[in-house]
Amino acid sequence: MDWAAGLFYYSITFVRMKITTVVLVLASLFLSCGGRKEAGLGRGVEEEERFLDSDYSGTCPYLSAGKDGAVVLSWVRQRPDGSAVVVYSVAENGADFGEVTVVPGSSRVKAHGENPPKVVVTPGGKVLAAWGVANPGPKNAYSGLVYYSVSLDNGLSWTHPALLSNDPESIDQRYFDLELLPDGNIGVVWLDNRSGTDKEGSGLYFARLGIDNSFEAGKRLDNTVCQCCRTDLFAGKDGALHVAYRKIIDGEVRDMVHIVSTDNGDHFTGPGRISADNWKINGCPHTGPAIAWNDNGLFFVWYTMGTGNGIFFSSSPDNGRTFSSKNYVSDNASAKHPQIHSFDNGSLAAVWDEKAEGWNRVALEIRSPGGEKITADKQYLTDERSDASYPVLITIGDKLLVAYSIQKDGVRKDRIAFRVLEKITEI
């Protein structure tokens, strides 16, 4: 082989090697990303955004666990005539929701993302729906009431709507939460004007559903609670019953606290401060806390503008006797309305909404069972040309279902949307 032929041969070989390298790199990228959408927080497989009840405007989603692994999604359906009603749908397999059930007598429902209607199902199959209505009066133009109704036949018939409390002095019942108690019954907490003190704030009440499908008169757990932030009633798998809420401390500080009952709600501890944020604000921020639990203890997320702005995370290994130092979930000052849930393996998922590039978007973060961030970056679940708010979440095995209210595609109408993400805890 002369030198010219040799040069040509080696040039061709070199080009072939470069092409092969490029092909191998592209193939590697395709195999690592193709066929699945990276959740950005592990190797997550993400379903496309799906919609429910799209013929109507929908707001205020809420998720709860149904029987045998089913998921219950409830929300406010806005009718074309301007009225609204509470509806819900059940996904037996945690993803494919069935037909929508309308809760009779709920046409006065007041849509509010911090006070959404809620539907829960007991292990025995009892369905309870609760919702807020407006109750303006001379003492409080913004007061409301909470009604509930019970079905014993899977939503075919319902009891007549009743108030959480029939006390005539109870003229403001709002920001409630429902939970299945360790004994299979349903418990409720709510904010009530009956604070029992002349100090600023609402009373925090707890009651259980009786055998006659009516709630007890209720017991007051605290009397200086921030008036317009949601509460979180949570039952850990260890049988303890927890409540987190924003308390008014020393008349001007509005920080998150936690109380716990180990006897199914008969007695609660005094409030323990989750974090000494010392947020002094003459008003209510309308964004409450959320709780999750795994074998390592309790985990909390909340919004504050005290000693830092945004959403924070803390944990407690001992049922609220001590709390870890807080750390950021999101330092975006617009980040609000956080929710948190644990997977079967103990990993944690948190969602919230925040402004990003001019749009309100739903964000997601995954943490290890010990509460450590798995990655430094959050993932946005909604695109940059949609306004989404008040996300809620629930885990089904290693899947995560996130629901939210969204406006998109230039249509100024809220719709109920959801995504299912699989295996996002794999790292």
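**Pockets and salt bridges in a predicted model**

Strand S27 makes the greatest contribution to the lining of the largest pocket, with 7 residues; strands here are DSSP runs of E of at least two residues, and helices runs of H or I of at least four, numbered from the N terminus. The model is a predicted one, in which local features need pLDDT of at least 70 and side-chain atom pairs count only at pLDDT 80 or more, while totals for chains, interfaces and linings use all residues. Residues are numbered from 1 along each chain as its sequence is written, and side-chain values use heavy atoms, with hydrogens and water left out.

Confidence comes next. The chain averages a pLDDT (the predictor's confidence in each residue, from 0 to 100) of 89, and 89% of the residues score at least 70. Residues 1–43 stay under 50 in pLDDT, and the model has 32 contacts for them beyond four places in sequence, a contact being heavy atoms within 4.5 Å.

To return to the pockets, a pocket is defined on a 1 Å grid over the protein atoms alone as an open set of points where a 1.4 Å probe fits, with protein on both sides within 12 Å along at least five of seven lines; lining residues have an atom within 4 Å of a point. The volume of the largest pocket is about 1,200 Å³, taken as the space filled by probe spheres set on the points, with grid points joined across faces, edges and corners. Its lining is made of 50 residues, with Ala65, Glu179, Phe234, His341 and Ile394 nearest the centre. At least two lining residues come from each of S3 (57–65), S7, S11, S15, S19, S23 (336–342) and S27 (387–396). By class, this lining holds 29 nonpolar, 13 polar and 8 charged residues, where Ala, Val, Leu, Ile, Met, Phe, Trp, Tyr, Cys and Pro count as nonpolar, Asp, Glu, Lys and Arg as charged, and the others, Gly among them, as polar.

The second largest pocket has a volume of about 380 Å³. Tyr88, Val90, Glu92, Thr101 and Asn154 are the closest to its centre among the 17 residues that line it. Strand S5 (residues 84–91) gives the largest share of this lining, 3 residues, and the lining divides into 7 nonpolar, 7 polar and 3 charged residues.

Salt bridges (a side-chain nitrogen of Lys or Arg within 4 Å of a carboxyl oxygen of Asp or Glu) number 19 in the structure. One of them joins glutamate 114 and arginine 230 at 2.8 Å, N to O. These partners are 116 residues apart, with glutamate 114 in the loop between S6 (101–102) and S7 (118–121) and arginine 230 in the loop between S14 (219–225) and S15 (232–235). Both glutamate 114 and arginine 230 are buried (under 20% relative accessible area with a 1.4 Å probe, protein chains only; exposed is over 50% and partly exposed in between).

Arginine 194 and aspartate 167 likewise meet in a salt bridge, at 3.1 Å, N to O. Arginine 194 counts as buried because its relative accessibility is 14%, whereas aspartate 167, at 30%, counts as partly exposed.

A further salt bridge links lysine 326 to aspartate 277, with the closest N and O atoms 2.7 Å apart. Lysine 326 lies in the loop between S21 (310–316) and S22 (327–330), and aspartate 277 in the loop between S18 (272–273) and S19 (290–294), 49 residues apart. Lysine 326 is partly exposed at 22% relative accessible area, while aspartate 277, at 2% relative accessibility, is buried. Finally, Glu49, Asp383 and Lys408 are linked in a network of salt bridges.
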